[in-house]
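Subject: Structure handover

Hi there,

Here is the structure I promised to pass on. Please have a look at it first, and then read my notes below.

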Amino acid sequence: MEKIVALFIVPTPIGNLKDITQRAIDILCTADVILAEDTRHSFPLLEQYGILKPNLISYHDFNEQQKAEKIVELIRSGNMVALISDAGTPLISDPGYHLVNQCVSQGVKVIPLPGACAAITALCASGLPTDRFSFEGFLPVKEKALYDALNKVSKKDQTLIFYEAPRRIIKTAKVLAEIFGDREVVVARELTKQFETFYYAKANTLEAQLLADPNYEKGEMVLMIAPCKEETDSDLVKAKELMGILLEYTSQKDAVKIASEFCKVKKNLLYTEALKMTD
Ligand code: SAM
């Protein structure tokens with residue numbers, strides 16, 4: 001292929017080495033420089049695709065900000081640069097954000113390629129709604145932060161997707177049971193690999209289901225939680241209380257809007273309640 005002066009975002013496989021496009025290989029072969037999260041990790045992968053002696057530069061979380069400026073200059077001076085991460089799509093829980101942000105703000109062309117991403121691959125086979133989903137990245141490790149993070153998103157009416165480490169999943173499953181009760185959850189482990197496994201469970205049965213598999217701790221995993229369908233009674237009670245106060249100061253429309261957003265209760269339900277309150 002001909003050289004194109006730009007930053008290319010190039011996804012690499014998340015397990016199965018065949019999951020890379022011909023266009024991605026062409027770009028990696030042609031690029032003047034390949035930015036890799038871990039050069040030692042990427043070298044064998046590149047060799048596998050016949051990309052011999054690539055000009056690899058390390059680009060990871062710890063040097064991202066300082067290096068971004070130099071790389072923008074490198075592209076400006078006529079180089080074709082490709083960004084890869086250890087696995088999957090760069091920038092998705094992987095380095096690259098600062099670089100792309102600087103390229104965009106300085107008018108340097110960024111060309112993204114489609115490709116492997118664990119979150120999307122897992123979602124597609126989860127059986128959970130795919131029309132709206134929220135990618136939440138890695139769950140926090142510390143207990144309080146974990147509760148806070150899960151509580152914060154528990155009322156979203158969209159499928160929740162998290163990256164989680166298998167060694168922490170049992171602890172997380174206990175918290176899931178407390179917060180989500182019998183909500184559907186799915187864990188996808190070792191996607192695209194020989195021992196790919198899906199655990200379809202409820203939040204309060206996930207722990208038992210994982211423990212029944214002696215291999216549950218092996219490899220990598222994606223955790224997904226079904227959308228919140230119903231407002232809980234306590235949300236509705238809180239929303240009604242809040243509307244009672246708001247209606248003294250503002251219009252019915254605004255009271256409904258604010259209470260709906262604040263208490264995460266659907267607007268149409270609150271309109272009915274507001275009508276009863278102002279009758
Ligand atoms: N950029 C990657 C992507 O596009 O999916 C994600 C990188 S993030 C550092 C790594 C996390 O992605 C893992 O801890 C795991 O949660 C998830 N992951 C990556 N490969 C996976 C696989 N083959 N099966 C299940 N989860 C995977």
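**A glutamate and its contacts**

Setting aside neighbours within four places in sequence, Glu 273 is in contact with Leu 236, Lys 240 and Met 243 (contact means heavy atoms within 4.5 Å). Between Glu 273 and Met 243 there are 9.0 Å from C-alpha to C-alpha, and the two are 30 residues apart in sequence. Glu 273 sits in helix 11 and, at 12% relative accessibility, counts as buried. Here buried means under 20% relative accessible area, exposed over 50%, and partly exposed in between, with a 1.4 Å probe and protein chains only.

Before going on, a word on the source: this is a predicted model, in which local features need pLDDT of at least 70, side-chain atom pairs count only at pLDDT 80 or more, and totals for chains, interfaces and linings use all residues. Residues are numbered from 1 along each chain as its sequence is written, and side-chain values use heavy atoms, with hydrogens and water left out.

**The whole chain**

The chain has 11 helices and 10 strands; these are DSSP runs numbered from the N terminus, with helices being H or I of at least four residues and strands E of at least two. Its radius of gyration is 23 Å, well over the 19 Å that the globule rule gives for 279 residues, so the chain is more spread out than a compact globule. That radius is taken over C-alpha atoms, and the rule is 2.2 Å times the number of residues to the power 0.38. The C-alpha trace spans about 75 × 50 × 30 Å along its principal axes.

The domain assignment gives domain 1 (7-112), domain 2 (118-225) and domain 3 (233-278), with bounds that come from an automatic or database assignment. The C-alpha centres of domain 1 and domain 3 are 49 Å apart.

Of the 279 residues, 45% are buried. Among contacts between residues at least 6 apart in sequence, 71% join residues at least 24 apart.

In helix 1 (residues 22-30), the buried residues are Ala 24, Ile 25, Ile 27, Leu 28 and Thr 30. They pack against strand 1 (7-9), strand 2 (33-36), helix 2 (39-48) and strand 4 (81-84).

Which residues of helix 7 are buried? In this helix (residues 169-180) they are Ile 169, Ile 170, Thr 172, Ala 173, Val 175, Leu 176 and Phe 180. Their cover includes helix 6 (143-153), strand 7 (159-164), strand 8 (184-189), helix 8 (206-211) and strand 10 (221-225). Just after helix 7, Gly 181 takes a positive phi of about 55 degrees.

Most residues other than glycine have a negative phi. Leu 91, which is not a glycine, has a positive phi near 80 degrees. Leu 91 lies in the loop between strand 4 and helix 4 (97-105) and is partly exposed, at 28% relative accessibility.

Lys 264 is not a glycine either, and its phi is positive at about 55 degrees. Its place is in the loop between helix 10 (252-263) and helix 11 (267-278). With a relative accessible area of 49%, Lys 264 is partly exposed.

Best wishes
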